Amino acid sequence: MAEAPKMRPPIESGCPDAFQYMHPLMIKNYGNWAYHDRPRPGVLHHVAKSGDEIWTVRVGTQRQLGPYEINLLCDIIDKLGEGYVRFTIRSNMEIMVSSKDKVDPLIKAFEEAGYPVGGTGNSVTMISHTQGWLHCDIPGTDASGVVKALMDDLHEEFVKEDMPNRVHITTSCCQINCGGQGDIAINVQHTKPPKINHDLVANICERPSVVARCPVAAIRPAMVNGKPSLEVDEKKCICCGACFPPCPPMQINDPEHSKLAIWVGGKNSNARSKPMFHKLVAAGVPNNPPRWPEAGTIVKKILKVYKKDAKDWERIGDWVERIGWPRFFELTELPFTKFHIDNWRGSRHMLNQSAHIRF
Ligand code: SF4
Ligand code: SF4
């Protein structure tokens, strides 16, 4: 009898074991920390129950690092640190050292190399952004570019801890918004339905996949000039851009009609109030590379008003809940338009969601 074929063992290619990269003091004291404090913005100090101490220097990066930047940063870390570094989800670098004496030389070297130290506590920490052109197939703009331009403007707020509470800013390069919820979010907003290149649809697109992709069932198969293609019911289309990845001939990116929208008040934290979705406060903002000045001006205005008007420890969403949206628009001088009213028919379900479990 023929032998049964052997199953190939699975290849484990998931997240690597983090312990191999940790500072030895972190491994030694894992789960046994007594307390931590922040001696200055950008520096964390953890004390273990054993009495061991570890200092962490937090440094902002431009996220997409080339070989030059990686070598520069690694040289500093090897020479002045102890060779251990981690990246936070907001692309800050954290360098751990076991001696307080190493902190100031590290800070000096990073600042001289053009990398600011900060992003802790009640600062505007690094903006978390989505993949942009580098990794994703559907961006309507670059993500790192907006982040770099904005963080250049917000440098002062990164290196200080002057805000009422921490500020998390996010950007997303399409409306699918894998950037998530932010105190302030800058997301691409398509304003016109896709234009279809019918000559290419039959050659490139798997039509049922495209039809299935549309969240509002606006796409139908159609014959155009004797060739199988697609058509869009523009009254239904919400210009989300989800049909573009499975079918690039559904061209939705447009230099004029793909804009930026700014959203405010989202947070994932459970502290003091429940997690919140951010809400639209500015639509149709020009997607204007390389410095995105219009988006930057609005973000800076919101931050200025928040800093002045919010009480200590209020996140932006908590502050707006307290003063009310009409007052928010008054203070920020942003125009309230019809685009702020969520009249999408699915919104009834959507508005009823939170991360809290209800019974
Ligand atoms: S926001 Fe959209 S385009 Fe950008 S990486 Fe996420 S899914 Fe891709
Ligand atoms: S842009 Fe979105 S809503 Fe419009 S047709 Fe494509 S998938 Fe459907």
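This is a predicted model: local features need pLDDT of at least 70, side-chain atom pairs count only at pLDDT 80 or more; totals for chains, interfaces and linings use all residues.

**A close look inside**

Modeller: Happy to. Residues are numbered from 1 along each chain as its sequence is written, and chains are lettered from A and ligands numbered from 1 in the order in which they are written.

First, the overall setting. The C-alpha trace spans about 80 × 75 × 50 Å along its principal axes. Of the 359 residues, 35% count as buried, meaning that 20 or more other C-beta atoms lie within 10 Å of the residue's own; a residue with 12 or fewer is exposed, one in between is partly exposed, and the C-beta atoms are placed from the backbone. Taking the contacts in the chain with a separation of 6 or more, 66% join residues 24 or more positions apart; a contact is a pair of C-beta atoms, placed from the backbone, within 7 Å.

Now to the interior itself. In soluble globular proteins, nonpolar side chains tend to be buried together. A nonpolar core here is a set of buried Ala, Val, Leu, Ile, Met, Phe, Trp, Tyr and Cys residues joined through C-beta atoms within 7 Å. The largest one holds 37 residues, and the members that touch the most others are Ile-184, Ile-262, Val-264, Ala-295 and Val-299. At least two residues each come from helix 4 (144-153), strand 8 (184-190), strand 13 (258-264), strand 14 (279-285), helix 8 (293-309) and helix 9 (316-323). Helix 8 gives the most to this core, six residues. To see how the pieces meet, pick out Val-299: beyond its neighbours within four places in sequence, Val-299 is in contact with Leu-150, Ile-184 and Ile-262. There is also a second, separate core of 18 residues, with Trp-55, Leu-73, Met-93 and Val-117 among them.

Gly-265 lies in the loop between strand 13 and strand 14, and it counts as buried because it has 23 C-beta neighbours inside 10 Å. Its C-alpha atom is 3.7 Å from that of Gly-317, although the two glycines are 52 residues apart along the chain. Leaving aside neighbours within four places in sequence, the contacts of Gly-265 include Asp-183, His-278, Ile-316, Gly-317 and Val-320. Further along, the loop between strand 14 and helix 8 contains Pro-290, and the peptide bond from Pro-289 to Pro-290 is cis, with omega near 5°.

Val-103, Leu-106, Ile-107 and Phe-110 are the buried residues of helix 3 (residues 103-112). Looking down the axis of helix 3, these residues fall within an arc of 100°, so they line one face of the helix; the arc is taken from the directions that run from the helix axis to the C-beta atoms. Their cover includes strand 2 (43-48), strand 3 (53-60), helix 2 (67-80) and strand 5 (92-97). Just after helix 3, Gly-114 has a positive phi of about 95°.

Last, the ligands. A residue belongs to a ligand's surroundings if its C-beta atom, placed from the backbone, lies within 6 Å of it. For the classes, Ala, Val, Leu, Ile, Met, Phe, Trp, Tyr, Cys and Pro count as nonpolar, Asp, Glu, Lys and Arg as charged, and the others, Gly among them, as polar. Around ligand 2 there are 16 residues, of which Cys-214, Cys-237, Cys-240, Ala-242 and Cys-243 come nearest. This shell has 14 nonpolar residues, one polar and one charged. The residues surrounding ligand 1 include Cys-136, Cys-173, Cys-174 and Cys-178; its shell divides into seven nonpolar, five polar and no charged residues. Cys-239 lies in the loop between strand 11 (227-232) and strand 12 (250-251). Cys-239 has a positive phi of about 55° although it is not a glycine, and it is partly exposed, with 17 other C-beta atoms within 10 Å.

Terms used: Helices (H or I, at least four residues) and strands (E, at least two) are DSSP runs, numbered from the N terminus. Two residues are in contact if their C-beta atoms, placed from the backbone, lie within 7 Å.
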